[in-house]
Each structure stands twice: as structure tokens, then as C-alpha cells.
Amino acid sequence: MSLIDFAPPPPEAPYAALRAEVRAFLAETLGPDFGAPARARSWSGFDAAFSRRLGRRGWLGMTLPSRYGGHERSALEHYVVVEELLAAGAPVAAHWIADRQSAPLLLLHGTEAQRQEILPRIAAGTCFFCIGMSEPNSGSDLAAVQSRAEKVDGGWRLSGTKLWTTYAHEAHYMIALCRTGKSDDRHGGVSQLLVDMKAPGVEVLPIIDMAGAHHFNEVRLADVMLPDSALIGQEGDGWKQVMGELAFERSGPDRFLSAFALVTELLRVLAGAPDAGAQRAVGRLVAHLMVLRHMSRSIAGMLARGENPALQATIVKDLGTALEQEIPEIARALVPVEPSQESPDPFVLTFAHTLLAAPGFSLRGGTREILRGIIARGLGLR
Amino acid sequence: MTDLIAEMADRLFAAHSGNTGLWAAVEEAGLPFALLAEEAGGFGFAPAEALGIIRIAAGHAAAAPVAETVLANHVLGAAGLDPAEGAAVVATEVLPAEDGRLCGTLRRLPWARDAGTVVALTAEGRMLRLTAGWSIRSGSNLAGEPRDDLTFDLPLDGLTTAESPFAADTLLAMSAALRAIAIAGAAEAALALTVGYVNDRVQFGRPIGKQQAIQQNLAVMAGQTAAARAAADMVSEAFPLALSAPELFRLKAGAAKLRAGEAAGVCAAIAHQAHGAIGITREYRLHPLTRRLWSWRDEFGSEAFWAERIGAAVFARGDGGLWPWLTRTGEAA
Ligand SMILES: Cc1cc2nc3c(=O)[nH]c(=O)nc-3n(C[C@H](O)[C@H](O)[C@H](O)COP(=O)(O)OP(=O)(O)OC[C@H]3O[C@@H](n4cnc5c(N)ncnc54)[C@H](O)[C@@H]3O)c2cc1C
């Protein structure tokens, strides 16, 4: 059964030097005051200056061709950098989406002008993207998007509402999935448009999450005028393209490292005198992480060889998010504290942050049920 | 190369699904020497290829000491001793000696009644290649596989021994690794059987596999099976570390056994649930797989056993942190 077959991961030794280099850079750049609560925010930690610094080191747009400002490094080198950033809890939110999925999408489907204009800025860490997929009536059922772009003289007029749009309030561009065709073919009539977030008619309204944090937004698009050159790929190819974009989104090591800051904190707190129960819980966690990393590196290897590990990536995301969500439960079983966002104690804070962030792990990028539906299709059940 | 070995093994075990004539066929195909180094007269298969045979055997619920003999010949070869004639088994306990006599009991040795050779360690770390001198008390595991107690009382003089390149702990870890690999094979076979069943079985006018509840459960089973398989692959690649970096090998083997063991329980439960009553009958061929899964996860260290060992190693890792340690465990393979 091919979906449970994970090719042997590439060897680690050739990347040890790069790993050490990234690690040293992070230790120096983040400094000793970058504590566990900050690390726990990693994925939602926005720091444009940090992203620029990464860009200067050549660690953004790593796999892009040099004519687009990229560094022509291998997908595996990119994997190593991303893994180190996440393990250190570095504030990656500013460039995260652009580097992970927008740049590869534009490289594959963008016009030459789009590539020349945007890719070098992504690689420099100065151009940030947001994902315009979800809408009020289109969550898991992405093909139900209602935002619509009308063809008008010299361009497109886009109207609709995008929802849960992560860092729309800081992004320079959104890649919006919208209806362009007249056809009522659910998959056929959609396209992807490049939306300049400064264009008149784009309004970003914050949505505050239950932790009190502002990362996602509602984005209202009211008769936004876009030039012809805003179309990405072919009109009507939006569905195919967005599926490819989701594959980029689902195949990185963020599938199992979102709660890593809490793991590190837990080890610190228990280090003094771990009893057998603590050793067991930690040993089990580490065994799971070892196997997940093996799977994740295997996927990186398949991607680097140009294979399509979409099903394997779906399986790892499902397994990884389940483990991430278990981590706060393991922590509280071993260290009896009440989670609090007011505590001066870094463990308590990290615990609270991870607990409040955890429900989102199995929602963003496709819910658990949707992922399992994809796996079931891979098994031939649907 | 890999595919050829796997196809050959798959054909062999499929052809002997009733287990009659199985061991003779295994021997004739040379499978007992799959993991023997070329210098020691083996075929020079990569460990991952050789160990794939054990996964395939498990997928067919083959009732024969394939894993046991493959491991025995591997460790005998590594110690410079002759490979076994016929079936063999490695003991993971030390066999005590007193006043020049080996005397003690090795408990629950897999397939010992069929083994002509028993490999055991002395307290001094000598490897013994024993071919006689024990009495047997038969027993079996939940799956009906022989697990026999062997009691020894014989003079040390004249026994075939060599300096053992493996500590008892490493032999335990290697045995655990083989069980992790076998679990992956049995889970994969149980998944295939279950997918086939839910596509065939009709209730409410359509195959039960069209029901979303069934689909979601089978997706969970597929995820756990994939994890078991990845654990098996991880430890297969790491097999040479048993000699070169035994401490790291023991951790990887333990992690693989733990992860596969956890998957075993989930997979067995989902497979039975999806099968309904037919699945728990003697006649239907699910239980040869699930009873093995339930037995194997507790052999050579349960999840709790290995979790405690890995946890202790993590806490003892000194400074540097968990992440550098984790990335180092991936490095040497
Ligand atoms: C932290 C976070 C950040 C996000 N960032 C972005 C972003 O930047 N851009 C963007 O476009 N989106 C973003 N999202 C949105 C995310 O993609 C959606 O939340 C997700 O696709 C689910 O949609 P929904 O929330 O509308 O839930 P719904 O689709 O309404 O689902 C609700 C529940 O019903 C279940 N369900 C739905 N359909 C089925 C079915 N067919 N079978 C079984 N169960 C089903 C779901 O699994 C879920 O449990 C973000 C979400 C989160 C949590």
C-alpha cells in the first residue's frame, strides 16, 4: 500500500554544517532573553526585522532560481533551515506563508512579470503574503467560495469576504481564490488572483482569538480593481493550483513542532528529579518525535526528488497534530499547575499558551476530519 | 534488488499460507542467512532489505522462527562463530554459570522446541553457541507461537564460545527491533484485510466502507500502520549501529518498538470493530494477525519498558537540549 510507504529519508550528515550555522545564528539573533513563552508563539510571532535578517543570510527563497533572487539550494537544505527555525521557536510569521507556499506557487504558475517583481522581495524577507482561501460559507468546503472577480476593461473587479486570514494586517499581498467563470462547475470556475493589500476597497478587520491574540482577520473585498496582470496561472485553473498550494502548506515540519517549546520547558522543569512516571511520559514523547521526524524527513526527500508525497504528508499532519495536541495534556499530568497567562513562571505561561493554541492545530490547513477523508480516499474507500 | 527480495519472500510465504512445508522452503531459499555479513558467508543484503523479509513473513502470519533464526545467524556471524544448522534462537537473558557448569533457565524462548541452536551470553560476556544440553518446558504466547522455557545444566568445558560483540542489552534491543518490524508487517496486512472487507460487506444497501464513520476509523488505522512502518524502517536502517554505536541503537530500537507497539493496539482494535462478529471467529483470518500484534507488543519490552529507558537517556543527556539530541539520533545510520 503506497500511502504507508515512506522512502528512506536522506542522510543527515551532509546537512550538519548548515544546521550548526543556523543554530548559531539563532542563538545569537534571538539572544538569551528570548524565553519559552516567546518561543511558543513561533508560528504566530511576527518580526519583520528578523525575517529581513534571515533573507540577508540567504535562508528565504532558498530553492528559488538565482534570477529571481533565490539561492538555488536544495529542498533538503530548506527543510533543515525550517526545522531549526521551528525548533528554536523563532518568530517566523512575517515571511512564513510567502516562503512556504506563495513563492513556490508563483514560481510554478505566476507570470514572468509576477515572478520578477515579487520573488526577489520574498527572498529578501521584505514581502509578506496571506492566504485568501476561507470565507464565511467556505471552510472545509473550499470549492464553495463565493468571492467573485468580474472581467472588466483592463482587469478584474473583485468582491467578497475572506475569513481567518492570517496576518492579512501585515501582508503586502493576498493570493485570493475566487470565482471567475460563469460556469456552475464547482471546481472549474475558480481562479487565483494576486491582490495588493493596499488596493482601494481592501479592508482588514481584526479577529481576536481566545488567547487575546490578533493573528487572523476578516478581509472585506469591495469592488477591488485589479489589473489583468493580477491573474495567477490560467483562468479556471484555480482549483488545481490551490490543491498544489495546500500540498506545500501540508508538507513542512510544522506538523509536529508547534508545541515543541512546551516539550523543552517540560524537560527543564522535570530535570531535577524525574521519577519513573516522568521518564516514561518523556520517553514516549521522544519516541513519537523520533518516528515523526523520520517520516517528515522522508517526505522532504520525496519532494526533493520531485515525487508527490501528498498522501504521506496528510498522514504525517494527522499524526503530528494529534501528538502536538497531546503535549499540553502530558505536561499537566506531570507538573500539577494551573495554566495562566498572568503567571511570571515560563512553564506556566508556555503551558497556557500551548493549551489555548492547540485546538487550531487540527483545523488550520485542513481539519482532521478532512485529512482523514483524504486518507480514506487513498485507501480506495471513496 | 529490494523489490526482487521482497517479491520472492512474498511469493514464498503466500505459497505456504497453511504453514505446511514452510520451514523447508525458508531454508531452501536461504532466508535464515539474510542478515549474515558477506564475509561470514551471507548474501550481503543491506539490513533494510534483509529485515524486509521479516516484515513480509509477519504479514502472512507465517508460523516459523524466521526472525529468530535470521537474528541468531547474524549475531553468531558477528562473533565469528559458525551459523546455525536449521532454526535457531537468541536468548536475551544471561545464562548463569557456577563451578564450571552452566546452570539456569532461559524463559519464554521463541520457537525453542524447533531450534537446533540456542545463542546465549555468559555473565562474562562470552557468546555461547549451544546445540544440546537443555530440557524443555513448552509454552506459547497469545498467538499460539511457541515460547518455551529451557533449563540448562551442563559443563562449560568443551562448549563453543566467543567474545560477544553485543551486550545482553543490545541483544534485547535487536530482538525488540525485529518485533517492531514484524508488527509493521502484521498491521499492514490487517489494514489490507480490513479495507477489503469493508468494501465487500453490505449493510443498509451499500458497502459499509462508504460510511464516513468507517472511513475515518480506517484512516486512523492507516496512520498508525504508517507510523509502525516508519518505525520499522527507522530501526532497519539503524541496524549496523548495534555494533558501531550500541547505545544509540538501543534508543532507536526502543523508540521503534514503542511506536510500533502503540500502533499495534490501535490497529487491532479498529480492525476488529470494522469486521463485526466474523472477525473474532477462529475461521476468519484476522486473528492470526491481531493475536500476534497483541503478543508482540509486549515481547522484548513493552511500550512502558522502553519509554522509561528512553526517558532516562533523555534526562541524562547532559546539556545541549533535546533538539540537538534528537537531530543527532537521526545522523548516524
Ligand atoms: C489558526 C488558524 C489560522 C488560519 N489561517 C487561515 C488563513 O490564513 N487563510 C485561510 O484561508 N484560512 C485560514 N484558516 C481557516 C482554516 O483553513 C479553516 O478553519 C478550515 O479549513 C476549516 O473551516 P471552518 O473553520 O469553516 O470549519 P468547517 O468547515 O465549518 O468545519 C467545522 C467542523 O465540521 C467538520 N466537517 C466539515 N466538513 C466535513 C465533512 N465533509 N465531513 C466530516 N466533517 C466535516 C470539520 O472537520 C470541523 O470539525 C485558519 C484557521 C485557523 C484555526
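Between domain 1 and domain 2 of chain B, eight residue pairs are in polar contact, both residues at pLDDT 80 or more; a polar contact here is a pair of N or O atoms within 3.5 Å, where within protein one must be able to donate a hydrogen and the other to accept it, and residues adjacent in sequence count only if both atoms are side-chain atoms. This is a predicted model, with pLDDT of at least 70 needed for local features and 80 or more for side-chain atom pairs, while totals for chains, interfaces and linings use all residues. Residues are numbered from 1 along each chain as its sequence is written, chains are lettered from A in the order in which they are written, and side-chain values use heavy atoms, with hydrogens and water left out.

In chain B, B:Arg292 and B:Glu145 pair up in a salt bridge at 3.6 Å, N to O. H3(B) has the largest share, seven residues. By class, that side of domain 1 of chain B splits into 19 nonpolar, five polar and four charged residues; Ala, Val, Leu, Ile, Met, Phe, Trp, Tyr, Cys and Pro count as nonpolar, Asp, Glu, Lys and Arg as charged, and the others, Gly among them, as polar.

The two domains of chain B run over 2–163 and 168–326, with bounds from an automatic or database domain assignment. Their centres, taken over C-alpha atoms, sit 22 Å apart. Contact (heavy atoms within 4.5 Å) links 28 residues of domain 1 to 27 residues of domain 2 in chain B. About 2,300 Å² is buried between them, 69% of it from carbon and sulfur atoms; buried area is the accessible area (1.4 Å probe) that two parts lose on being put together, summed over both. B:Leu51, B:Arg55 and B:Thr92 supply 25% of what domain 1 of chain B buries here, more than any other three residues.

Turning to the two chains, 49 residues of chain A touch 48 residues of chain B. Together the chains bury about 4,200 Å², 71% of it on carbon and sulfur atoms. A:Ile4, A:Met290 and A:Leu381 account for 18% of chain A's buried area against chain B, more than any other three residues. Three salt bridges cross between the chains; in one, B:Glu308 meets A:Arg280 with the closest N and O atoms 3.0 Å apart. There are also eleven residue pairs in polar contact between chain A and chain B, both residues at pLDDT 80 or more. H9(A) gives the most to chain A's side, with 17 residues, and that side divides into 30 nonpolar, six polar and 13 charged residues.

Within chain A, domain 2 and domain 3 have centres 30 Å apart over C-alpha atoms. Their contact takes twelve residues from domain 2 and eleven from domain 3. The pair buries about 900 Å², with 60% on carbon and sulfur atoms, and zero salt bridges are found across this interface of chain A.

Definitions and conventions. A salt bridge is a side-chain nitrogen of Lys or Arg within 4 Å of a carboxyl oxygen of Asp or Glu. Helices (H or I, at least four residues) and strands (E, at least two) are DSSP runs, numbered from the N terminus.
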